[in-house]
Amino acid sequence: MRYREADLTRVTTKPIGDRQNKVDPRLLASPPQDDRSFTAFLDSLPHVLAAEDLRRVIKAVARARQTRRGVILLIGGHVVKVGLGPLVRAWVERGIVTHIALNGAAAIHDFELAAYGGTSEDVESGLADGSFGMAEETGAEMNAAISSAAQAGQGLGEGLARALSTRRHLPGGSASILLAAHQHDVPVTVHPAIGAEIIHQHPSADGAAVGATGQRDFRRLAGSIPDLDHGGVVLNWGSAVMMPEVFLKALTVARNTGAGRPTHFVAADFDMQRHYRPRVNVVQRPTQAGGSGFLLTGHHELLIPLLVWGVLEKL
């Protein structure tokens, strides 16, 4: 076997001054100084990659609020389960959010926290004896609220929020996204998957009611999406499948009935790991006609507070 080796004496070099650099001292992180405010902390982050993307999303949300464009939150169950409901409430109270769309798990965690003061059971031990998801009150009360909403021509999110608002005892009410939306007249929708949520295991579950209220909420989400046009923001927080799929179809309805609009909005996905559907259905495809897309990866309980605080500081 004969090997051929490149002759390095023949390579051509050039002065470093002629090279374009991606990183220079202006972009570097800075250590803590006397100013320990949250704004100073954000400013101290390096001006590259995810840190710069986070700043851009913060600016986009703040700008959307100031220009009265839509800010839509798509929320998965884990986001609620790790305690971020109060931060969503802060945005709701400040008038930042124009629509909140929850998957079924997010709605259940939110309802349980508000009504009973706790959520998130041990799945493994409950699965072993068949008790997983079988909390009597959760199934009975949420299914009753959904059935009442169907009879009243309401949406699923609206029905659950109204049910919470009529309870005399709410040990976790101050953390509830559903309740905050109801109190501040922000549209809140829930997008179920029949058989995927614990309340569907209960004898009180009514598939027709779930379908009717869920379909109404789909139409309501599609009705809010036009507000994204030219300056709005859609944020997917922790939903790997359900909300990206629902958003894509609702966006299609909005563009089908709105002469191709909305376009030129910001779409960002916040999750612990990268998934196909959020990347393609929320961030990439919807912004191809104009706009910007961002993928920020990290633990919800760390990354989302940075965004929420950053927007509140920006405003």
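What share of the contacts in the protein chain with a separation of 6 or more comes from residues 24 or more positions apart? The share is 78%, where contact means heavy atoms within 4.5 Å.

This is a predicted model: local features need pLDDT of at least 70, side-chain atom pairs count only at pLDDT 80 or more, and totals for chains, interfaces and linings use all residues. Residues are numbered from 1 along each chain as its sequence is written, and side-chain values use heavy atoms, with hydrogens and water left out.

Start with the whole chain. It has 13 helices and six strands. These are DSSP runs (helices H or I, at least four residues; strands E, at least two), numbered from the N terminus. The C-alpha atoms fill a box of roughly 80 × 60 × 50 Å along the principal axes. Of the 315 residues, 45% count as buried. Buried means under 20% relative accessible area, exposed over 50%, and partly exposed in between (1.4 Å probe, protein chains only).

Now turn to a helix pair. Two packed helices are described by the angle between their axes and the distance between the axes. Helix 5 (residues 104-116) and helix 7 (residues 136-151) have axes that come within 11 Å and cross at roughly 110°. The axes are lines fitted to C-alpha atoms over the stretch in contact, and angles run from 0 to 180 degrees between N-to-C directions. Helix 5 and helix 7 are therefore roughly perpendicular (65 to 115 degrees; under 35 is roughly parallel, over 145 roughly antiparallel, the rest oblique). Helix 5 contributes Ala107, Ile108, Phe111, Glu112 and Tyr116 to the contact, and helix 7 contributes Glu137, Thr138, Glu141 and Met142.

Aromatic rings come next. Rings of Phe, Tyr and Trp (its six-membered ring) pair if their centres lie within 6.5 Å; planes under 30 degrees apart count as stacked, over 60 as edge-to-face and the rest as tilted. The count comes to four aromatic pairs. In one, Phe38 and Trp309 have ring centres 5.5 Å apart and planes at 55°, so the pair is tilted. Phe38 sits in helix 1 (residues 38-44) and Trp309 in helix 13 (residues 300-314), 271 residues apart. Phe38 is buried at 16% relative accessibility. Trp309 is partly exposed at 47%.

The rings of Trp91 and Trp237 also form a tilted pair, with centres 5.7 Å apart and planes at 50°. Trp91 lies in helix 4 (residues 85-93) and Trp237 in strand 4 (residues 233-237), so the pair ties together parts 146 residues apart in sequence. Both Trp91 and Trp237 are buried.
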